[in-house]
Amino acid sequence: MKNSRRRFLQIAGVSALGLGAKPVLDAFASEGAAGAGYHVAKGEDALSAKQWAMVIDTRKLQTAEDLEPIIDACNKIHNIPTAIENKNHEIKWIWDAHYHNAFTDKTNNFLDEEVEHRPFLLLCNHCENPPCVRACPTQATFKNDNGIVMMDFHRCIGCRFCMAACPFGARSFNFRDPRPFIEENNKEFPTRMKGVVEKCNFCAERLAVGKLPACVEASNGAIAFGDLYDEHSEVRELLKENYTIRRKQTLGTEPSVYYIV
Ligand code: SF4
């Protein structure tokens, strides 16, 4: 058993005795970035929000080539393995799909042809009411006070209840050790291990030091990011001015990713 896992079980035992999750998380944080405790230390320039949200203007992202730099930026920064021979080994933080697969509750047989062939960026929706968080037995996935649904890789026991609970397929499981398949290792972000679930984190580590998410930076203005509860934020302005849709809205999870179509 890896040391980090053993440490999890020791600390989880303490937690079960009634000390609660906070000391557990702090204990992992104190192990440092190399231990992948996934503690996001806020700097002086940290960006804050009540609920971070994203508005993707899909009219500006018409082809797979438009999406490529956005997906690449995320993959590189988050050490996502890209050498995939077996579909089971695919790790997705942000990916693309066609309208019929992305908006399964909004399809019709006579869709505008251009929209039908447009690739849509998909990612974790950082739902305001996230079923994945409720399903996790170890609180390895939890909602931050800025609305981001986070993953603590060390607390994940690989049960995959969160994957079953997420109706958006936004989570991936490491069926193999991903480390040998990472093209360029970014030392600033923890790598994961076999048996752990992962997903998009809205670049919490970048927001903590005053930077926007990598996909937003790489999008050439096609993706806006801001506080859903700040009426003057860019995302609120865009929501006011444009008709937007969200994925599987009727399920009541309240996705924080909006699409201008
Ligand atoms: Fe959880 Fe899925 Fe919603 Fe992300 S999209 S918060 S993984 S339910």
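Q: Let's start at Gln249. Which backbone nitrogen lies 3.3 Å from a polar atom of its side chain?
A: That is the backbone nitrogen of Arg246, 3.3 Å from a polar atom of the Gln249 side chain. Keep in mind that this is a predicted model.

Q: Where does Gln249 sit in the chain?
A: Gln249 is in the loop between β9 (244-245) and β10 (257-260).

Q: And what does Gln249 contact, leaving aside neighbours within four places in sequence?
A: Asp105 and Lys106. Gln249 and Asp105 are 144 residues apart along the chain, yet their C-alpha atoms are separated by 8.3 Å.

Q: Why does Gln249 count as partly exposed?
A: Because its relative accessible area is 34%, and partly exposed covers what falls between under 20% (buried) and over 50% (exposed).

Q: What about Glu254, what is its phi?
A: Positive as well, about 60°, and Glu254 is not a glycine. Glu254 is found in the loop between β9 and β10. It counts as partly exposed because its relative accessibility is 33%.

Q: Switching topic: how is the confidence for the chain as a whole, what is the mean pLDDT?
A: The mean is 87, with 85% of the residues reaching 70 or more. Residues 1-37 are a stretch where the pLDDT is below 50, and beyond near neighbours in sequence this stretch has 45 contacts in the model. Where pLDDT is low, the predicted coordinates should not be read in detail.

Q: How much of the chain is buried?
A: Buried residues make up 50% of the 261 residues. The chain exposes about 12,900 Å², and carbon and sulfur atoms supply 50% of that area.

Q: What share of the contacts join residues at least 24 apart?
A: 67%, counted among contacts between residues at least 6 apart in sequence.

Q: I see a ligand too. Which residues are closest to the ligand?
A: Cys124, Cys127, Cys132, Cys166 and Arg171 are the closest, and 14 residues surround the ligand. The shell divides into ten nonpolar, two polar and two charged residues.

Q: Let's look at Cys162. Which helix is Cys162 found in?
A: Helix α7, residues 161-165. Cys162 touches Cys132, Ala135, Arg171 and Val197, not counting residues up to four places away in sequence. Two of those names, Cys132 and Arg171, also came up among the residues closest to the ligand.

Q: Is Cys162 buried or exposed?
A: Buried: its relative accessible area is 7%.

Q: Now His126. Why does His126 count as buried?
A: Because its relative accessibility is 0%. His126 is in the loop between β3 (119-123) and α6 (131-135).

Q: What does His126 touch there?
A: Leaving out residues up to four places away in sequence, its contacts include Gln51, Lys143, Ile148, Phe202 and Ser256. Cys200 is one of its contacts too, and the backbone oxygen of Cys200 lies 3.5 Å from a polar atom of the His126 side chain.

Q: Where is Leu212 found?
A: In the loop between α8 (204-207) and α9 (214-217). Leu212 is partly exposed, with a relative accessible area of 35%.

Key
Residues are numbered from 1 along each chain as its sequence is written. This is a predicted model: local features need pLDDT of at least 70, side-chain atom pairs count only at pLDDT 80 or more; totals for chains, interfaces and linings use all residues. Side-chain values use heavy atoms; hydrogens and water are left out. Helices (H or I, at least four residues) and strands (E, at least two) are DSSP runs, numbered from the N terminus. Buried means under 20% relative accessible area, exposed over 50%, partly exposed in between (1.4 Å probe, protein chains only). Contact means heavy atoms within 4.5 Å. A polar contact is a pair of N or O atoms within 3.5 Å; within protein, one must be able to donate a hydrogen and the other to accept it, and residues adjacent in sequence count only if both atoms are side-chain atoms. pLDDT is the predictor's confidence in each residue, from 0 to 100. A residue is near a molecule or strand if one of its heavy atoms lies within 4 Å of it. Ala, Val, Leu, Ile, Met, Phe, Trp, Tyr, Cys and Pro count as nonpolar, Asp, Glu, Lys and Arg as charged, and the others, Gly among them, as polar. Accessible areas come from the Shrake-Rupley method with a 1.4 Å probe; for residues, only the protein chains shown count as cover.
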